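Look at the sequence and the structure before reading on.

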Amino acid sequence: MQLPAKMTMGSDGRLRVPDRPIIPFIEGDGIGPDIWRAAVLVLDAAVAKAFGGKRAISWLPLAVGEAAAAAGGEVLPESALEAIREHRVAIKGPLTTPVGKGMRSINVAIRQRLDLYACVRPVRYMPSVPSPMKHPEGIDMVVFRENTEDLYAGIEWPAGSAEAGKLETFLREQMGVSLPSGAGIGIKPISRDNTRRLVARAIAYALDHRLPSVTLMHKGNIMKFTEGAFRTWGYEVAAEKFADRTITEAEVTRSHGGRAPEDKVVIKDRIADMLFQQVLLRPEDYHVIATPNLNGDYLSDALAAQVGGLGMAPGANIGDTCAVFEATHGSAPKYAGLDKVNPGSLILSGAMMLDHIGWQEAAELVRRALQATIVQKTVTYDLARQIPGAREVSCSVFARAVVANME
Ligand code: NAD
């Protein structure tokens, strides 16, 4: 086998992947080490099996979060960010956010510092997974959430602070705005460039995967110049960059009797509150959803609950130059070190990562083996308490059962 080597990016923007790519990983805090051990066992086994031992990942550990602080360093060392940039792809467990001090969130900082502007969350129902819905099998969507701006930009000042006072005076005296006195104030920036690159990525994904529609989710009826503009710029980039391969829903109604041409992706939009209803009532009408940051945060967790909870939801943060795949739940400190929680989210994020580097055979093997394990009712506590007759196993035993199902 080749020596371990870095992935590179060609001038076409595509990854060049050696047989032994070096991939950095961050174990994470709390339950991170438990789920990481489980995930790496499954991912290595799938790669070995899918490629008959000809390919393997060479894992590069990065100390971030509590591990970095324990070694006396910064919680997010510059060297870790540089390693991710350099190696193009990384995977991480959850990182604890210090409350009321220090960095707002290490996770948010990683996304912002690496300009990982698209948070991609596939939500697909797996048979046998307990769901609160009567017909969860209709759910098969991918959410593209903008990751760098909106209220998440963290531009806010506490009630009663000098800064909020200054802004209040400015708004009242210079802008003629009436607002309650002494309020905390936050700012919601949504920009054309960031909207366009996010929506373009979502449309390209729908085209690559032959999916029928992209829905722009917004609250533009109320927030006209932020969320409303997101909608406008979304349609704009579809018309400019993908004119011959997309069609608007309005056009389908007007000129095609309500039936979209098969070779085109339909671009539609929905007000956020209404879309929350629709994903419960008519999930089969939605395929790719592109949304500003805060809506996407709520929607992706609600959708995850519809198909088995956060313990099973994979995610990725993707930019033009690198990508970080991650468990979507937090570090669940009360379960740390108990070898108890569900490693499904990180395992499935790893499968997304294998897809991303073009190792689809291994990704499929992971998904099929995980699915088979759940069908056999061999599950961790979170699913066991919802599946009658389940055999509850630990995090590590679950991982070994997944590997056994690759035989
Ligand atoms: P959490 O997701 O860590 O845990 C909430 C509850 O969900 C847990 O108590 C547990 O009951 C359940 N849960 C979570 N993951 C599970 C799994 N894999 N299997 C089974 N059950 C699981 O949310 P929290 O308690 O709000 O946050 C804890 C810490 O994690 C905070 O510091 C928070 O900021 C951080 N966080 C990090 C990320 C990230 O790294 N991307 C995301 C969310 C929260």
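**Ligand and helix in a predicted model**

The ligand has 20 residues around it, and those that come nearest are Thr97, Asn107, Gly330, Ala332 and Asn342. The model is predicted.

- In the side chain of His329, an N or O atom is 3.2 Å from a nitrogen atom of the ligand.
- A nitrogen atom of the ligand also has a polar side-chain atom of Tyr381 at 3.0 Å.
- Ala332 takes part through its backbone: an N or O atom there lies 2.7 Å from an oxygen atom of the ligand.

Cover and make-up of the shell

- On its own, the ligand exposes 810 Å², and the protein buries 68% of that area.
- By type, the shell residues comprise seven nonpolar, eight polar and five charged.

Helix α5

- Helix α5 runs over residues 162-175, which is 14 residues.
- At 1.5 Å a residue the helix should span 20 Å, and its end C-alpha atoms are 19 Å apart, so the two values agree.
- Ala164, Leu167 and Glu168 are the buried residues of α5.

Methods. Residues are numbered from 1 along each chain as its sequence is written. This is a predicted model: local features need pLDDT of at least 70, side-chain atom pairs count only at pLDDT 80 or more; totals for chains, interfaces and linings use all residues. Side-chain values use heavy atoms; hydrogens and water are left out. A residue is near a molecule or strand if one of its heavy atoms lies within 4 Å of it. A polar contact is a pair of N or O atoms within 3.5 Å; within protein, one must be able to donate a hydrogen and the other to accept it, and residues adjacent in sequence count only if both atoms are side-chain atoms. Accessible areas come from the Shrake-Rupley method with a 1.4 Å probe; for residues, only the protein chains shown count as cover. Ala, Val, Leu, Ile, Met, Phe, Trp, Tyr, Cys and Pro count as nonpolar, Asp, Glu, Lys and Arg as charged, and the others, Gly among them, as polar. Helices (H or I, at least four residues) and strands (E, at least two) are DSSP runs, numbered from the N terminus. The expected span of a helix is 1.5 Å times one less than its number of residues. Buried means under 20% relative accessible area, exposed over 50%, partly exposed in between (1.4 Å probe, protein chains only).
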